[in-house]
Amino acid sequence: MRKRLCKIVATIGPASASPSMLRLLFNAGVDVFRLNMSHGDHDKLEKIAKAIRDIERDTGVPIATFADLQGPKIRTGSFAGGSINLRYGAEYKLTLSAESNDDSVIPIPHKELLDVLEPGDILKLDDGRLQLTISERNSRSIIAKADTPGELKNKKGINVPGRRLPISALTEKDRADLDFALELGVDYIALSFVQHPSDVKDAREIINGRAGIISKIEKPSAIDHIDEIIDLSDAIMVARGDLGVECAPEDVPLLQRKIVRTCRKVGKPVIVATHMLESMVESIAPTRAEASDVSTAVFQGADAVMLSAETAVGRHPPTAVAIMDRIIAATERDDESGSYKSVAREIEEYATADAITLSARRIAEVLDCRFAIAYTKTGSTAQRLSRDRPHCPVIAATPDEDVARKLALYWGVRSVVTEDISHFHEMLEKADAIAKANGGEDGDRIIILAGYPFGRPGKTNTLKISRLGAIE
């Protein structure tokens, strides 16, 4: 049983793909598993997904999975010798080709990129380690000047800060991976390099309700449309890797805070990702700065924090998860933790369910309740409770297994798959049993939320305060 409310996402890779390691990661604290579609073939991913469902069956705990699509990664072509050495101030010709035999020519096999480049545009290469500035463009060629010296190897990534590229967020590879992931039954699809709300709309038409959508915010153009993108998405990821390449380093912490705050206002889950415990790819312990980074995300109110290379290719995957679990739990024990802060929302008209969950939040704080138990068919009651940040775990009792899994991403929510209730006394009895199965003891106060008449979705209108063991 988890001792924290913020969730942990772990990326699966060569270091963590075996069934035994997946089980260790779950036991250490993983709530959501990320399947990186950029690496790994479909057969291996299918085995991983089966192993995760085996853990779910054995433990009775719903586990969320999401497929992270590669997206339109723009890369250089290949060089005859495998690389060239950029010289500071030297000029290089950019050509539309897959390879080059000339050390003064940089091949770029992406016409859509070359078509939009203008003098003054900056190109960041190899995750920002190298930089070029476009100095000249004419009918025959594009010339760029090297701002940094260094070795440029084959097929390194290219970022163009401040420039929206006329490229769809879904490549042909992504579409094939998307079809496979949906057949696999993942709970969410993560869209990479979202630039505009239309990218999310296009993906939603294809997905057609078969999975939730996580929009990864890693380009400045997405920041320009952040409210619309959040509105169209089921969850958001602050993908600080590429975001940190395309934006100034000093802007990234502020953008993270802004995105988390905006998601909190509208009740959408937000994941903070990339380089959280990066040193633990090799080391047995994180740096103090990394521990502070995780804690800051929790203080800001993130629903989840994510491990990438730490669990995908790192030497100590379960240890990285266990340490992240400890950092989160310690932060949440702090009286000033922003995890519990209720954010003012701009809603024109509150529904009855909003009033119920806001009341439950205050009651949980005043009476020091052990759990808030939400009977929910669609997950909306538990989602509202998560948004309002009660001072106790939320247990979502739902008859729908897919709903239970999706809720694994939400702050503070634990899910139980159970049959619908049919009368008031059954509601109390089942809530009592569920609370005790999750560690509740006789005398603990719990809050019960449900919709009456029972079994109808979207009708949360009942709140009951109860003591465990007091049902007659």
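Trainee: Is D127 buried, partly exposed or exposed?
Mentor: In this predicted model, D127 counts as partly exposed, because its relative accessibility is 48% and the exposed class begins over 50%.

Trainee: Which residue forms a salt bridge with D127?
Mentor: The partner is R129, and the closest N and O atoms of the two are 3.7 Å apart. R129 itself is exposed, with a relative accessible area of 56%.

Trainee: Why can such side chains pair?
Mentor: Side chains of opposite charge can do so when their charged atoms come close.

Trainee: How many salt bridges are there in the whole structure?
Mentor: A search of the whole structure gives 36.

Trainee: Which residue meets R240 in a salt bridge?
Mentor: That residue is D293, with an N to O distance of 2.8 Å. The pair links distant parts of the chain, since R240 lies in helix α8 (residues 240–246) and D293 in helix α10 (residues 288–300), 53 residues apart.

Trainee: And is R240 buried or exposed?
Mentor: R240 counts as buried, because its relative accessibility is 12% and the limit for that class is under 20%.

Trainee: Where do E56 and R53 lie?
Mentor: Both are in helix α2 (residues 42–59), three residues apart, which is about one turn of the helix. E56 and R53 are both buried.

Trainee: What does that spacing imply in an α-helix?
Mentor: An α-helix has 3.6 residues a turn, so residues three or four places apart point the same way.

Trainee: Changing topic, how many cavities of 30 Å³ or more are there?
Mentor: The count comes to four. The largest cavity holds about 220 Å³ of space.

Trainee: Which residues are closest to the centre of the largest cavity?
Mentor: Of the 22 residues that line it, Y375, T376, K377, G451 and R456 are the closest to the centre. The elements that give two or more residues to this lining are α14 (380–388), β20 (394–398) and β22 (445–451).

Trainee: What is the make-up of that lining by class?
Mentor: The lining of the largest cavity has seven nonpolar, ten polar and five charged residues.

Trainee: Is α14 mostly covered or mostly uncovered?
Mentor: α14 is mostly covered, with seven of its nine residues buried. Those residues are S380, T381, A382, L385, S386, R387 and D388.

Trainee: What follows α14?
Mentor: R389 follows α14, and the phi of R389 is positive, near 55°.

Trainee: What about the second largest cavity, how much space lies there?
Mentor: The second largest cavity has about 140 Å³. Its lining comprises 13 residues, of which P72, I74, L165, F193 and K219 are the closest to the centre.

Trainee: Finally, where is A437?
Mentor: A437 is in helix α16 (residues 424–437). A437 counts as exposed, because its relative accessibility is 69%.

Trainee: And how far is A437 from T287?
Mentor: Their C-alpha atoms are separated by 37 Å, and the two residues are 150 residues apart along the chain.

Definitions and conventions. Residues numbered from 1 in each chain as written. Predicted model: local features only at pLDDT ≥ 70, side-chain atom pairs only at ≥ 80, totals over all residues. Heavy atoms only, no water. Helix = DSSP H or I, 4+ residues; strand = E, 2+ residues; numbered from the N terminus. Buried < 20%, exposed > 50% of the residue type's maximum accessible area, 1.4 Å probe, protein only. Salt bridge = Lys/Arg side-chain N within 4 Å of Asp/Glu carboxyl O. 1 Å grid on protein atoms, 1.4 Å probe; cavity = no way out; pocket = protein on both sides within 12 Å on 5 of 7 lines; lining within 4 Å. Points joined across faces, edges and corners; volume = space filled by probe spheres on them. Nonpolar A, V, L, I, M, F, W, Y, C, P; charged D, E, K, R; others polar.
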